[in-house]
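User: I'm new to reading protein structures. Could you walk me through one, feature by feature?

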Amino acid sequence: MSPISALFTRHSFSKPISRVHPKFFSTISSPIEYSLSQPIYTIWASNTGLGKTLISAGLAISFLSPHSPHFLSSTTPSKFIYLKPVQTGFPIESDSRFVYRKFSQLFLRNPPQFSVLASNHVLQTSIPASEAVLGSGFGMASENSDNSGAGSLRFGLDNEKVGKLGRGFMEFGLESEKVGKFKNGFHNLGWFEERKLHAEGGDGVVKELICKTTYGWKQALSPHLAAEKEAAVVGDSELLGMLKNCLGIGLESGVEQVQGEEVGVLTVIETAGGVASPGPSGTLQCDLYRPFRLPAVLVGDGRLGGISGTISAYESLKLRGYDVVAVVLQDHGLANEMPLFSYLQNRVPVLVFPPVPQDMSDNLVQWFEDSRSVFNFLKEIMLSTFLERMQRLLDMPKKARDILWWPFTQHKLVPEENVTVIDSRCGENFAVHKVQNYGLISQQFDACASWWTQGPDATLQIELARDMGYAAARFGHVMFPENVYEPALECAELLLDGVGKGWASRTFFSDNGSTAIEIALKMAFRKFVFDHGIVWDHLKSNTAQSCIEFKVLALRGSYHGDTLGAMEAQAPSSYTGFFQHP
């Protein structure tokens, strides 16, 4: 891929243009929130160099074509949005630009009867990456001049190449208001290119392809290394805030997102490297993007050794609560898809693409053409899965009221619109589905400590998932009497050396708090009898004359659980009255 810097001249331009909306330059630390009025997917890979960007480009081509049962008709505007939050090796490597250019090439080869406005934006880059685009010393020059290096370059397509397309145009430039602003080692580059593709005699409908790179670094290294070496580190919350802003692109007026069973906007977010590759701050990307918990497409490895890497990547995503809707891989002649079919057991479809040719003389045009049916199938899986998920979320409140019996609840006082639909959890926040404008996933703080106890933070949540998965895989279920296994013994030792230190000598495990209270009462009664020398045989033979009354002290307003014995050990309340406890 040619350097973007080749597209620029060192001259000033008299007519700068501005195409980047200011809101996409702001960063926020507000809670994660995104709309379900459009399908949004993340594109992951089991390793680097497996073709994530080829998949993204193919999806763009497939979605903006009119041949799909879940796609709005060719006479309806539609929009495909490609987001690349983290790009290293920039500007020589620019995945958003690859999607933008590849779509344009294939459109020009076989133009449909509608127009497409295609654009590619690069928002923030490190200083070395900016200088690579604009020339050495740009940073110092623009810091002293608001308009230095700002402007645009327009030129028409050669008429011989236009053919039946009529006149097209391309624009390159910088947003003049943003040039020269620096923060934390980043330059607000605001660079864009735009191209209108249309055919003579078309129906006048304009579809959109929007490609964006939010952060770019020059060195082609793992993001955490490139950020450190170029002194441009972006925090997780800032990166997610920028991504959240970009997800609002599809909500702009002019395109109907969902009409019945048809979808008008599709957004894909392409990650960098492998599933567990570090992000700019060093956080693993599978953890970095977890607050969104967007459904995933996993690009597997069809090469020798790729089966293991693909399964490991899949398990890493599932362990963190991601929904993987499809696994895709290139055919390298090793039939890697067969063991994957067997392992996944039809839980996730596995799609195989033709091998990418070594000869790139046709710019992969034939490969995309040969892969069209697979891309169409993948697109249909993504769109149908989205529609099914959205319908399920919409149906859950009514179904819950119909078939669930909630504790401590007067059901007639809970209208359907007051039922909280929890899609997932990340740390101390629930991801809650709110029914408005086709649905919204929004963070809601879990304040349940008044009932039970507060949940773990996001880091501990992943550690718990790993430990629980390990224990389940190692032991499954173990009947406890007369048996011992390592986790139970270790937990008992920790309890005795912690809360039980100085007074407890044994640990008794129960499955919940309510039965634990009853077990503790049984132990207390038994100890009382033992300490006072009461002979049970005498009680059995002379019960009427030797009846002993036990009394248990309880806190007023206390609550210990819902089993009858635990309720008996509580002061009278609405939870222990006649209708609750005979």
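Analyst: Happy to! Let's begin with one residue and its neighbours. A contact means heavy atoms within 4.5 Å. Leaving out residues up to four places away in sequence, threonine 267 touches Gln38, Pro39, Ile40, Tyr41, Ile81, Leu83 and Leu247. This is a predicted model, in which local features need pLDDT of at least 70, side-chain atom pairs count only at pLDDT 80 or more, and totals for chains, interfaces and linings use all residues. Residues are numbered from 1 along each chain as its sequence is written, and side-chain values use heavy atoms, with hydrogens and water left out.

User: In which strand does threonine 267 lie, and is threonine 267 buried or exposed?

Analyst: Helices (H or I, at least four residues) and strands (E, at least two) are DSSP runs, numbered from the N terminus. Threonine 267 belongs to strand S12, residues 265-270. For the second part, buried means under 20% relative accessible area, exposed over 50%, and partly exposed in between, with a 1.4 Å probe and protein chains only. Threonine 267 has a relative accessible area of 2%, so it counts as buried.

User: What does glutamate 270 touch?

Analyst: Glutamate 270 is also found in strand S12. Its relative accessibility is 1%, so glutamate 270 counts as buried. Not counting residues up to four places away in sequence, its contacts include Ile43, Lys52, Ser56, Tyr82 and Asp95. The C-alpha atoms of glutamate 270 and tyrosine 82 are 7.6 Å from each other, although the two residues are 188 residues apart along the chain.

User: With which side chain does the side chain of glutamate 270 make a polar contact?

Analyst: A polar contact is a pair of N or O atoms within 3.5 Å; within protein, one must be able to donate a hydrogen and the other to accept it, and residues adjacent in sequence count only if both atoms are side-chain atoms. For glutamate 270, the partner is the side chain of serine 56, at 2.9 Å. Serine 130 gives another example: its side chain makes a polar contact with the side chain of threonine 125 at 2.5 Å. Serine 130 lies in helix H3, residues 127-134, and is buried because its relative accessible area is 2%.

User: Where is asparagine 512 placed?

Analyst: Asparagine 512 sits in the loop between helix H14 (486-497) and helix H15 (513-531). With 34% relative accessibility, asparagine 512 counts as partly exposed. Its side chain reaches the backbone nitrogen of serine 514 at 3.0 Å.

User: How do I read a single helix?

Analyst: Compare its span with the expected one, which is 1.5 Å times one less than its number of residues. Helix H13 (residues 458-475) has 18 residues and reaches 26 Å from its first C-alpha to its last, close to the expected 26 Å. After H13 comes glycine 476, with a positive phi near 65°.

User: Which residues of H9 meet H10?

Analyst: Ile307, Thr310, Ile311, Tyr314 and Glu315 in H9 meet Pro339, Leu340, Tyr343 and Leu344 in H10. An α-helix has 3.6 residues a turn, so residues three or four places apart point the same way.

User: And the whole protein: how many helices and strands are there?

Analyst: There are 17 helices and 18 strands. Buried residues make up 45% of the 582 residues. Of the contacts between residues at least 6 apart in sequence, 73% join residues at least 24 apart.
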